[in-house]
Amino acid sequence: MTETQTKTSSPEFRAAAGAIDGLRNDLLRQVSAYRPLPPLNPDGRVVRRLPEGMRRRVVWTPHALVLFAAFVVMMAGFAEWDYRFLMGVVPAIPVAMTLIRPVAAFWASMLATVFCGVLGGDLWNPSSFIAQVVVMVVVAARTRPRTAAWMWLLTLLFGVLVEAGDPSITAPLATLSAFALLVVAVVQIRRDAEREVTVQRTVTAVERDRRTLLEERTTIARELHDVVAHHMSVVAIQAEAAPYRVENPPPELEQAFVTIRENAVAALTELRRVLGVVRAEDYEAPDAPQPTLAALDGLLDNVRETGLETEKVITGAVRELPQGVELSAYRIVQEALSNSLRHAPGASARVELGYVLGGLGLRVVNGPPRGLVKPSPGAGHGITGMRERVAMLNGEMTAGTTGDGGYEIAVFLPVPLSDGPEPRETAGGTADARDADTVVVERGGGA
């Protein structure tokens, strides 16, 4: 029948045609398919708990069970008075065949049943009865529920036709095999559902991580926009004012400064367009400059008001770093302290800043949670954002638990020596860049 005729036929006819096509796919086209039974997964929930030596043998349990069933079929045939060898070996062969050619084993079992019926006089003698049930169960377990339904219907039809229309002889086999195949089908459906759920969870987790990464990168881009825009604005203003600081500047110099200013203004315009692309719908432009390490004391004071005991330690010569580095360092400390509040309530935190010639070392460590307050689960985005900021600056970061049950985040942000501005004022006076032994310790308790 053509495809057009199939589309115009009735739903019942299409259902019947689909069922016949399923029969051909499941039990006719795959007759000679070579599909060895694989061993159990060594990482399964039960197998992985066993010792290593036992695990290597347990994975072959399905093969041992099938061969044991073939042995039982053979012993049942040997119990017959006539043709003991043939009545035992012939039905056992299809059972063993299920290990390598499951579909062919089903048809071989049907032929073995006819053969034993001719020799013994009864269609369903003990050996052929057991063999047919075992073969259908194993084949159903290795294929899918639809194949199990087809095998049961063919076996029932075969028994009724051979026994001259008397279904009572085939009824015990049909009842037992129906119950066994139903159990196998339920197990298969449940296993497939669990596998599908696992796949969906994996896909969801990957998509969630990807979305989180994009959100963190977007946040960093929005924050760095203010930093870059500030520098570009300074360039534009200085380029516009520079010609007026020189008496009778040559036209070439004036034109060079005009070009610099035009390029700076064009860059600012493009930055605003980029910010418009990455801006979220609910984004509100900040009404204050992006924070730097100079605002770290205010952050620590706010954290102390929430009850987290904090301590700040500064080593090395305190100096002003590039604004992008200071912004990233501030955000890393902010996120680390937020994680301490969320995951380690009642603990104390220590913030260490190390100014070295090659950059800035940063370490935030908190102790284990204390008290009756339970840690609150988070979305797990904090570490991702930290790593993105560190990677943006070509830095290094490690994060992990400490020996006492706390958590530690260590970061190093490289800063070329040429990027180091003048030392800035601190609470203890001006920090000379040549003084590498300066240590400032500030402690504070919770509210």
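Predicted model: local features only at pLDDT ≥ 70, side-chain atom pairs only at ≥ 80, totals over all residues.
Gln238 belongs to helix H9, which covers residues 171-241, and its C-alpha atom is separated by 8.3 Å from that of Arg261, a residue 23 positions away along the chain.

Aromatic contacts were examined next. A search covering the whole structure finds 2 aromatic pairs. One of them is formed by Phe106 and Trp107, whose ring centres are 5.2 Å apart and whose planes stand at 70 degrees, so that the pair is classed as edge-to-face, the angle being over the 60 degrees that this class requires. Within this pair, Phe106 is buried, its relative accessible area being 0%, whereas Trp107, at 27% relative accessibility, counts as partly exposed, because this value falls between the limits of 20% and 50%.

Trp124 and Phe158 form an aromatic pair that is likewise edge-to-face, with 6.2 Å from centre to centre and 75 degrees between the ring planes. Trp124 is located in the loop that connects helix H6 (102-120) with helix H7 (126-142), while Phe158 is part of helix H8 (residues 145-162), and the pair therefore ties together parts that lie 34 residues apart in sequence. Trp124 and Phe158 are both buried.

How values were computed. Residues numbered from 1 in each chain as written. Heavy atoms only, no water. Phe/Tyr/Trp six-rings, centres within 6.5 Å; stacked < 30°, edge-to-face > 60°. Buried < 20%, exposed > 50% of the residue type's maximum accessible area, 1.4 Å probe, protein only. Helix = DSSP H or I, 4+ residues; strand = E, 2+ residues; numbered from the N terminus.
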